[in-house]
Structures are given as C-alpha cells and as structure tokens.
Amino acid sequence: MKRSVTAEIGGRSITIETGAMARQASGAVIVKSGDTVVLVSAVKEDKVREGIDFVPLMVDYQEMSYAAGRIPGGFFRREIGRPSEKETLTSRLIDRPIRPLFPKGYNCETQIIATVLSVDQENEPDVLAITGASAALHISPVPFQGPIAAVRIGRVDGRFVVNPSAAQLEKSDLNLVVAGSRNAIVMVEGEASFVPEGDVIEALEFAHEALQPLLDLQERLRAEVGKPKEEVVVPEVDKELVEVVKEKAITALREVMTTPDKVLRKTRKKELYSAVVEELADAYPDRQSEILEILGELEKKVVREMMLQEKRRIDGRGFEDIRPIEIEVGLLPRTHGSAMFRRGETQVLCITTLGSSADEQKIEALTGETFKSFMLHYNFPPYCVGEVKPLRGPSRREIGHGALAERAVKPILPDSDSFPYTIRVVSEVLESNGSSSMATVCGATLSLMDAGVPVKDMVAGIAMGLVKEGDEVVILTDIIGDEDHLGDMDFKVTGNEKGITALQMDIKITGITRSIMEEALSRARKARLEILDKMRSVLSTPRPDLSPYAPRVAVTKVSPDKIRDIIGPGGKVIKHIIAETDTKIDIEEDGRIAVMGPSTEACEKAIEMIKELTIEPELGQVYLAKITRITDFGAFAEIRPNLEGLIHISQLDNKRVRKVSDVVKEGDEVLVKVIEIDKDGRVKLSRKAVMEKSSHSHNRR
C-alpha cells in the first residue's frame, strides 16, 4: 500500500514515498524534491557469507540520462560500462554513513541501488539518495541501526543555505554534504574557499539541526509500513577460549603493537597470530577463525588502552606530533613539474603536466556537457603496501581520494585567462601508512609550483583521529593506518593560514561533541601550518619559468564573425598556420583563441598570422596587395588572406589604361590605397592614389 510523508527543509518540500514501486525489494522508497526524483531500493539475501570480517554491502548510485530528457552518447546509446566519477563519488557518499550502522555479526549480502529517475537542475539528487538509502533500510527487515539523513550546506552572502540550488552554489564559499543521526554527525564531505574553522563548526551544527525533520519522516514511515527487524544472532563468546588466547598472546601483542616500523609490525603480528593458532590447534581444533577474531579484538583493546591509559601511540609519538617530513622537487627531468612528499612511512610522487584546451576532460552529466581543465588523479598500486594484486582500473577509493585532493588544491589555481593551460596532476602513492590523500595535497601543491604554475597560495593537508571510551578522549594528529583502523574517527582537513579548502570526516561512534570537533580542527590547523613551513623551506614560490619541455601558450581574441576567415574553406587556412608554425590552435565560440606550441616564438608567429587574417581594412590606409584575378574592368587584389578588393581599371595608373594586363599580371605585388568600403563590406582599391602621392612627394623634394 502506498504511503507518503513530507517535510519542509530549507524552504523546499522533501517527500519520501513507499509502496508504489519496487515492491519485491526488502525496502524501497521514492524521494522527491521539486521535480527531482530518486528511487532507492535495499535488498537483503538470506545467503550468509562465512569467514568475513566486514559487512557484505554493495552500494550503487546511477544517473539515468532520461532523467534530464537526454539520450546518452557513445555507440550503444545507453548507460553502459563503468560508472561516471560523479556516480562513483555519490555511491561512496551513501556507503560511508550507513555501513557502520549494521550490527556486529551481520554478514548477509545486502545491496543498495539508487536510481535518479528525474532531475530538475535545481535540487541535487545525491543528498536525496543518502536519505533514501537510510529510509529503504529503515522500513525493511534488515537490522539497520538507523535512521540517518543528509543535507547539503552552502553559504551565500554570509548566510547558511540548506540544499542550495546550482545558482546559489555558484556564489557559495562553502559546499558541504553532512550526514547525521538523531544525536550526532556521522559523515562530512565537502570543499570551502579558505573558510575559518569556527565557521565550519557553525555550518556543521546548522546542518545537523536542518536534517532532523528527515529523521522524523523516516520514523513516521516505519511506524506505518515498517517490517519487523530480523535479529542478528551473534555466537556467544567462549570466555574460556578468550582467556586462553589472552594468556598466550597479550604480552607479545603489547610488544608487537609498539613496533614503530609498519612492515616489521605487520610481519611480527602475522607470526604471533600463526604461532597462537598453531599452539592451540590440538586443544581447539577447527576453531582457527574464532581464535583469529579474538586476537583481532585483543589487538584493538591493547592499542586503545595504550592510548587512553598510558598516553602512548603505536609509533611512540606524542598525540600532536607529526611524523618526519622529507620533500624533494624537480626530481624528474622530463616532466613539466614533479615533487616527492614523504611523511613517515607514507610517500607520494606527484607529477604535473600542462596541456591545451583540447586536453580538457569532457564530462557528460545530467546537467549537460561540461569541460574540466584541472584534473588530479590518485593511484594506489599494490606495492605501496607490500602486496601483490592484479592491476585494474581506478578503484572507488582511488577516485574518492583523488577527488578530495582535487577539491583541496583547486582554490589556489590561477584563472584560465591568466594561465590558459589544462592542468593534470597525478599522485603515485609509493608507500602508504595512513594519510596518503593528505600527502597528495602537499605533493600536488609543490608539483604545481615546480611546473611554474602561478598558484595563488599554498595548501597542505592532515588526517586527524580519535579514540573515545566513555569520558576518556584522545585526539590524534597525523594518524597512521592502524590508528585509523582501530580508532573512532578519520577526519581529513586541508587548507592554510586563511582557512579550510576541503574536509572529509567519517565517524564510527556517536557522541562527537562540539568541543571535540573544535579541538580536532584547532590541532589540524596547527599541524598543517607546521607542514606548510616545511614545504616553504623547500619551495616558497612557483618557478619563474615553465619547464623547457612544457608547451607555451599564447591567447588572443577576435570577433566571432572572423572565425570563419581563420578556419578558411575546408579548414585550409588554419591547417596552413598549424603546419607553418608547428602549433595547436583551439578556437572558442566567443572568439577566444589559444595557441600552444613548442616555443614562445612559434606561438607569437601563429598569433601574428591570425591577426593578419582578421585585420579590418581602414579607409585611406595603404597596403601591399597581391593581384589574384584580372578582368576587363579591373584587377582583384588580396590585401590580407581571404580579403580581396577591386582595383578598377580607372584606378590602376595615373594615365589612361587600355588593357588591365598592360599594367599588372596575376601574382604581382603592388601598393594600393583603400578608397571606399561599401555597406556590404566590399573594398575598393586604388593604385593610382598611391602613385600620385609618391609623385607629389617627389615634386616637393
């Protein structure tokens, strides 16, 4: 039976409806705002995946072209193949806040599919999909410990806006997606234009308050149509086995988990686990997985107690200490810019490449075609964590980390008018032990500067962590991988002295107070300023010149109605310029022309040739013209490429001319004066006027 609930969020109605579509799913809802409609389904299989220590959850968000009244491009004319970057990032946005809300021991295959059915270009479907995923799970039998909801927050003219329109986002200095439960924020993802920490805290609190009505809607819907939740039967812990494992492993585990070196720690931990399992194999046959699970819980307890009670970290650092930093720039001789940034056991190599507007990324989205002139790609090869895996396309994690770093760096880039290049930065993670995305932000900034990109400022990034048990709280600066895995928060913050440019926060527990958030942001600021000092000690300003291997770009502007003259019939003219100057030429519809070539001289030569093509004839001006055609009544002469004028027979000489060919022939070059330009743009020329002027000058001498 169809049920519908509605609330007003930020002056706009949001409706959640169920019972009309996808009724064979475990739970399904339609979320509407304006004319944007998203269908979200949740399906749980009874099949249990044995021997796993994670929730077997799949989340897919898909934007259908028909939602915007479009037919997809490509040969097949259908949505097919790899999801777009936007779809991948939104799938991650949905996954991250709901994954921690499945109970321990839940291991049934579960899938969330969010399909955009209609879009109005005003109401963004991504935040609706996050709320829809929670609602579909909340009314289903899946033992989901929600609900949660999401809103987007912008700030226009100093005022926070909930779920801003595309036009409002253009003016906003803040773009945050915030997901929250009744009592806490559970996920944040977004970008900012150097916004101070205090303003970000205010935005998060504003968002948490704004999303409360969406939680009410889900509770109302569950009260009306919700199915009884299935119980998760967690096998009782064998306390005797726990004590036996603890006795065998606790002392050695404490030693192992204070081994600073990640690879050595990993090796020693593997050896310890194997030794305990082997030692208990006879007494506890066929219980290897149970013993390993107990060891995992014991490891978590040891590390957390060490931090909370002994005030000690795995690698021996203080809670606010940053790992040692090493920086090298310009280390690759043939790339346009390069930088290596190492923080402890995390190392990235960032490479900048400059190209023309022809290298821009074309993006087909529901909003139409757009072009992207800055790309930051993050690669995480298996060797960076000492593993062997087949190489595939970029994972969701790689796409997500690249997008985060791209948002962080974008505010410091010069505008396209002053620096008309397409910019691509690639981050190769060479070694990883936490915070590789934040190392990428630092490395990318330095790589851009090494390439001579005139960045407006410098930015750095840091990842903060948290361990909380009751009232005991420890905030960690520059977390390593195990601290992320065993802790309660991963909070990545980028920016500089002026404020924040990007942030990403995932929280595994409830009860993160404002004071904890403020302290985390304050320490993140202190850390990134310390990192920026290290970066500036190596390279404080962009290189004054581009790499000799980087292409040069020159830009000019012509009247749009002159573009056809530059292109010429069948592209003949522009092909000639390209061949003559060894350049690439990109022409925009508004008349903006970018020329890219191997040298400044080549670009300037091409620009000069373009200017010659677009010179407007001036009345009274003298030109060196080339005779192109001869007729009985006169000769046609080209005063610039593709612009001819007529020299009437009466204007050929200062004496009477019987035949045009007696005076000029095709191919001759003669000086002519423009004596008339009629209303249709036709040019009349005179050779006689130039001769008379020359004669008068001679007589005066």
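Me: Happy to start! Is Asp-417 buried or exposed?
Reply: Keep in mind that this is a predicted model. The relative accessibility of Asp-417 is 62%. Exposed means over 50%, so Asp-417 counts as exposed.

Me: Which residue forms a salt bridge with Asp-417?
Reply: Side chains of opposite charge can pair when their charged atoms come close. For Asp-417, the closest N and O atoms of the pair are 3.9 Å apart, and the cut-off is 4 Å. The partner of Asp-417 is Arg-592.

Me: How many residues apart are Asp-417 and Arg-592?
Reply: Asp-417 sits in the loop between helix H9 (396–409) and strand E17 (422–431). Arg-592 belongs to strand E24 (residues 592–597).

Me: Which residue forms a salt bridge with Glu-63?
Reply: Glu-63 lies in strand E5 (residues 57–63), and its partner is in helix H1 (residues 85–98), 23 residues apart. The closest N and O atoms of the pair are 3.2 Å apart, and the partner is Lys-86.

Me: Where is Glu-124, which forms a salt bridge with Lys-86?
Reply: In the pair of Glu-124 and Lys-86, the closest N and O atoms are 3.7 Å apart. Glu-124 is partly exposed, with a relative accessible area of 29%. Lys-86 is in helix H1, 38 residues apart from Glu-124. Glu-124 is in the loop between strand E6 (108–118) and helix H2 (125–138).

Me: Nice! How many salt bridges are there by this rule?
Reply: Some of the salt bridges are linked in a network, with Arg-313, Asp-315, Arg-317, Arg-323, Arg-343, Asp-478 and Glu-483 as its members. The count for the model comes to 56 salt bridges.

Me: Let's turn to the nonpolar side. How many residues does the largest nonpolar core have?
Reply: The residues with the most contacts inside this core are Phe-341, Ile-423, Phe-491 and Met-535. Leaving aside neighbours within four places in sequence, Phe-341 is in contact with residues including Ile-325, Val-348, Leu-446 and Met-535. Apart from this core lies another, of 18 residues, among them Ile-627 and Val-683. The largest nonpolar core has 163 residues.

Conventions
Residues numbered from 1 in each chain as written. Predicted model: local features only at pLDDT ≥ 70, side-chain atom pairs only at ≥ 80, totals over all residues. Heavy atoms only, no water. Core = buried A, V, L, I, M, F, W, Y, C linked by side-chain atoms within 4.5 Å. Buried < 20%, exposed > 50% of the residue type's maximum accessible area, 1.4 Å probe, protein only. Contact = heavy atoms within 4.5 Å. Salt bridge = Lys/Arg side-chain N within 4 Å of Asp/Glu carboxyl O. Helix = DSSP H or I, 4+ residues; strand = E, 2+ residues; numbered from the N terminus.
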